[in-house]
Amino acid sequence: MEKQRKVAAGMVIAAIWVLPVLWLGFSWGHWIDPLPAIMLAGLPGGMVMLTMVARLAAGRFFSPGNIDGEAFAPGSTEEITQRVLTNTTEQLVLAAAIWPAAGVLFGPGLPAALGISFGLTRIAFWLGYLKSPPLRAFGFAAGFYPTVVCAVLSAIVGLGRVFF
């Protein structure tokens with residue numbers, strides 16, 4: 001049950017994290033240039049992703065067993081980084097599908113705030129996973145929950161504009 005408590009605590013803190021991220025996003029919306037804000041929103045997460053890819057490439061290069069593309073040892077730093085990279089890819093695909101709509105509907109500050117938050121929370125996810133798998137909960141949820149909230153809000157407002 002100790003692992004579940006740590007995961008639950010991370011999820012609760014992440015749910016609270018959503019509030020300042022959205023507040024910043026909505027408050028920045030009036031003074032940020034829309035096109036660059038929406039286009040560059042994925043950059044912080046992309047930079048973290050680039051770091052992960054570079055870390056894995058270095059791990060392969062310096063490992064005789066992995067240089068040919070073999071799987072990393074279970075539980076190794078490289079194997080954990082590969083897991084984090086996979087999840088980051090999944091979440092950035094979601095972000096690419098959802099954040100632009102949120103930026104158009106609610107202002108360009110929102111994708112800018114989401115992007116900065118996502119980059120920070122991906123680092124927290126990665127470091128938490130390396131330290132102890134239950135500690136990854138905050139980083140995962142704090143990166144995921146804002147995207148979910150924006151998806152729901154965008155769907156409601158977007159569909160409302162189309163049908164009403």
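I began with Glu-2, which forms a salt bridge with Arg-5 in this predicted model, and I noted 3.5 Å between their closest N and O atoms. I then looked up where the two residues sit, and found both in helix 1 (residues 2-28), three residues apart, or about one turn of the helix. For accessibility I recorded Glu-2 as partly exposed, with a relative accessible area of 47%, whereas Arg-5 counts as exposed at 54%, the cut-off for exposed being over 50%.

Next I asked how many salt bridges the structure holds, and I found three.

I turned to Arg-55, which forms a salt bridge with Glu-78, their closest N and O atoms lying 3.3 Å apart. This pair links distant parts of the chain, since I located Arg-55 in helix 3 (residues 43-61) and Glu-78 in helix 4 (residues 77-106), 23 residues apart. I noted Arg-55 as partly exposed, with a relative accessible area of 31%, while Glu-78 has a relative accessibility of 18% and counts as buried because buried means under 20%.

My last entry concerns Glu-79, which forms a salt bridge with Arg-83, and here I noted 2.8 Å between the closest N and O atoms. Both residues belong to helix 4, where they are four residues apart and so separated by about one helical turn.

Terms used: Residues are numbered from 1 along each chain as its sequence is written. This is a predicted model: local features need pLDDT of at least 70, side-chain atom pairs count only at pLDDT 80 or more; totals for chains, interfaces and linings use all residues. Side-chain values use heavy atoms; hydrogens and water are left out. A salt bridge is a side-chain nitrogen of Lys or Arg within 4 Å of a carboxyl oxygen of Asp or Glu. Buried means under 20% relative accessible area, exposed over 50%, partly exposed in between (1.4 Å probe, protein chains only).
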